[in-house]
Amino acid sequence: MLKLRLIIVLALAVVSLQCQPTTPGTNGNSSNKTTQTPATGPTPKYGYQIVNIFPHDSNAFTQGLILMDGKLLESTGQEGFSSLRRVELESGKVLKKVDVPLPYFAEGLTALNGKLYQLTWQHHIGFIYDAQTFDRLGEFNYQGDGWGLTTDGQSLILSDGSPRIRFIDPGSFRVTKTITVTDGSAAVRELNELEYVNGEIYANVWHDNRIATIDPQSGHVNAWIDLTGLMPDGELRDPEAVLNGIAYDQASDKLIVTGKLWPRVFEIKVKR
């Protein structure tokens, strides 16, 4: 009888130990357990849907593109061929054109507060125009190359072919902030034409068929828009006829893309 009682006591003790709550920090389930951040997956890749196709001057070496009042404003490059243009979207007809003189190679373009700002590639100088008349109003300077240019409504946002993007005060032309663009842990180089779209910076990457969508605070690439196949390679006659040119109109939610020396301009919808 005594042996039976000892067995019952030992069994009850074992059951009691098994029912004790797990100490926080162990492998058991506990309301105090530290939450683990899930691993970050690959950067999302988006596709596209063509909405409209419009003609484009195949001799235009597109470096900057804006959609304003239903018209395209375009900066074209190459020495001796650089220009500022107003283009009728539907027909591709050049409505107004101002040539950029030698030795300048024009680059990115943006509009802010009734003015147009146009970069040059390696001369560290930009030109300021009246947005309606194209009258030259002045010049500004910056360090390094000029590649792409856009605005968030407050700052001029400039790329220079490196992974960095600079935010420049349009009054003093001083750099107020710099971000480094990264895809995961990898720096993204050769950032080219820029456009500010719904709180993100869209950036062409030179000789790449993708557009990076970039967080303007962190520089992190939120997603890639893959435009492979948009313009058939067989229709392009020059190895530098690459994707370059992004224009967005927030009022109509219209997104326009093209390339250097491309015979067409495309209105697209991003397929997420």
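Q: How much accessible surface does the chain have, and what share of that surface belongs to carbon and sulfur atoms?
A: The accessible surface comes to about 14200 Å², of which 50% belongs to carbon and sulfur atoms, with areas taken from the Shrake-Rupley method with a 1.4 Å probe. The model is predicted, so that local features need pLDDT of at least 70 and side-chain atom pairs count only at pLDDT 80 or more, while totals for chains, interfaces and linings use all residues. Residues are numbered from 1 along each chain as its sequence is written, and side-chain values use heavy atoms, with hydrogens and water left out.

Q: Why is the pair of Tyr-104 and Phe-127 called edge-to-face?
A: Rings of Phe, Tyr and Trp (its six-membered ring) pair if their centres lie within 6.5 Å, and planes under 30 degrees apart count as stacked, over 60 as edge-to-face and the rest as tilted. The centres of Tyr-104 and Phe-127 are 5.2 Å apart and their planes stand at 80°, so the pair is edge-to-face.

Q: What makes the pair of Tyr-117 and Phe-140 edge-to-face?
A: Here the ring centres are 5.9 Å apart and the planes stand at 70°, so Tyr-117 and Phe-140 are also an edge-to-face pair. Together with Tyr-142 and Phe-173, Tyr-117 and Phe-140 form one aromatic cluster.

Q: How do you know that the charged end of Arg-136 sits over the ring of Phe-127?
A: A charge sits over a ring if NZ of Lys or CZ of Arg is within 6 Å of the ring centre and within 35 degrees of the ring normal. The charged end of Arg-136 sits over the ring of Phe-127, 4.1 Å from its centre.
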